[in-house]
Amino acid sequence: MPPPEAMYCAQQINIPPELPDILKQFTKAAIKTQPHDVLQWATDYFSALSKGQDLPVKERLEMPVATQKTDTGLTPGLLKVLHQQFAPKEIITKEELLQKWKGLCLPIEQLDTILALGNFSENINWMHFFALGCSALGGQGSSNLEGRCPAAPTCLNTPAWKFQVYLTIISALKHACEILTEDPEGGAAQIPFDTFQSLYTYLAHLDGEIPKEQIDSFLHSLEKECQGGMVQPSNFTSLRSAEKSE
């Protein structure tokens, strides 16, 4: 017969004093982040915690958009988590990105698509990847941008597919502002003009359909429109409204 299980009284069980708070914070983080694979995400969470790194945790719970499927892949909240993890670095490796991507339980197919679109090598410019990540979010909330495309003053006279390209870029930049801003939630979502210029120029050049003169003209007009060297999404629409009134 197996020996009877040892019996312990409450006084004999030593619970580390920090354990309840660790478990409480972990539970709150899991609820906010809603990972598809809790065990995979927990591995990355506790690994980052033990190394003093930024945790793979969203700032708040994201409610799914009505048009999204159950497995939504990358979201603004998850892209912000990645940015917090990689922002201190200008260049990251594909291996580092893959590890953090898996830690957030994101689909590898989506990562491969973004990497192929940017033609990235082993070493990746993080802000370039971030820009394409925002572009991958472009379908979320882009319909209200139609007819207000600031990237091209004559966009209403261009073929429909080119017009959609412009909408995608501007929608991506709107997401970038909302993710990168230090303004409180619901605020103006301002970011430095230099950051906006870098993201817009990269996406426009990658697309290859927007003439350099048009890119420069837009940025010049936007720089005059923004205040204190900061850009916010409302600047995009105000430029387009000004063009219509002329």
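Predicted model: local features only at pLDDT ≥ 70, side-chain atom pairs only at ≥ 80, totals over all residues.
Residues are numbered from 1 along each chain as its sequence is written, and side-chain values use heavy atoms, with hydrogens and water left out. Local features need pLDDT of at least 70 and side-chain atom pairs count only at pLDDT 80 or more, whereas totals for chains, interfaces and linings use all residues.

**Overall organisation**

The protein chain contains 10 helices and 4 strands, taken as DSSP runs numbered from the N terminus (helices: H or I, at least four residues; strands: E, at least two). Along the sequence these elements follow the pattern α-α-α-β-α-α-β-α-α-β-α-α-β-α. Of the 246 residues, 38% count as buried, where buried means under 20% relative accessible area, exposed over 50% and partly exposed in between (1.4 Å probe, protein chains only). Among contacts (heavy atoms within 4.5 Å) between residues at least 6 apart in sequence, 62% join residues at least 24 apart.

The table gives the span of each helix from its first C-alpha to its last; the expected span is 1.5 Å times one less than the number of residues.

| Helix | Length | Span | Expected span |
|---|---|---|---|
| Helix 2 (residues 38-51) | 14 residues | 20 Å | 20 Å |
| Helix 9 (residues 212-225) | 14 residues | 20 Å | 20 Å |

In helix 2, the buried residues are W41, A42, D44, Y45 and A48. Seen down the axis of helix 2, they fall within an arc of 165 degrees and so line one face of the helix; the arc is that of the directions from the helix axis to the C-beta atoms. The face turned away from this buried side carries the exposed residues L39, T43, S50 and K51. Helix 1 (19-33), helix 3 (76-86) and helix 4 (94-103) are among the elements covering the buried residues of helix 2.

Helix 9 buries Q214, I215, F218, L219 and L222. These buried residues lie within an arc of 125 degrees when seen down the axis of helix 9, so they line one face of the helix. On the other side of helix 9, K212, E213 and K224 are exposed.

**Contact of helix 6 with helix 8**

The axes of helix 6 (residues 126-136) and helix 8 (residues 193-207) come within 10 Å and cross at roughly 70 degrees. Axes are lines fitted to C-alpha atoms, for helices over the stretch in contact, and angles run from 0 to 180 degrees between N-to-C directions. Helix 6 and helix 8 are therefore roughly perpendicular to each other (65 to 115 degrees). In this contact, M127, H128, F130, A131 and L132 of helix 6 meet T195, L199, Y202, L203 and L206 of helix 8. The residues of the contact divide into 8 nonpolar, 2 polar and no charged; Ala, Val, Leu, Ile, Met, Phe, Trp, Tyr, Cys and Pro count as nonpolar, Asp, Glu, Lys and Arg as charged, and the others, Gly among them, as polar.

Note on methods:
Parallel < 35°, antiparallel > 145°, perpendicular 65-115°, else oblique.
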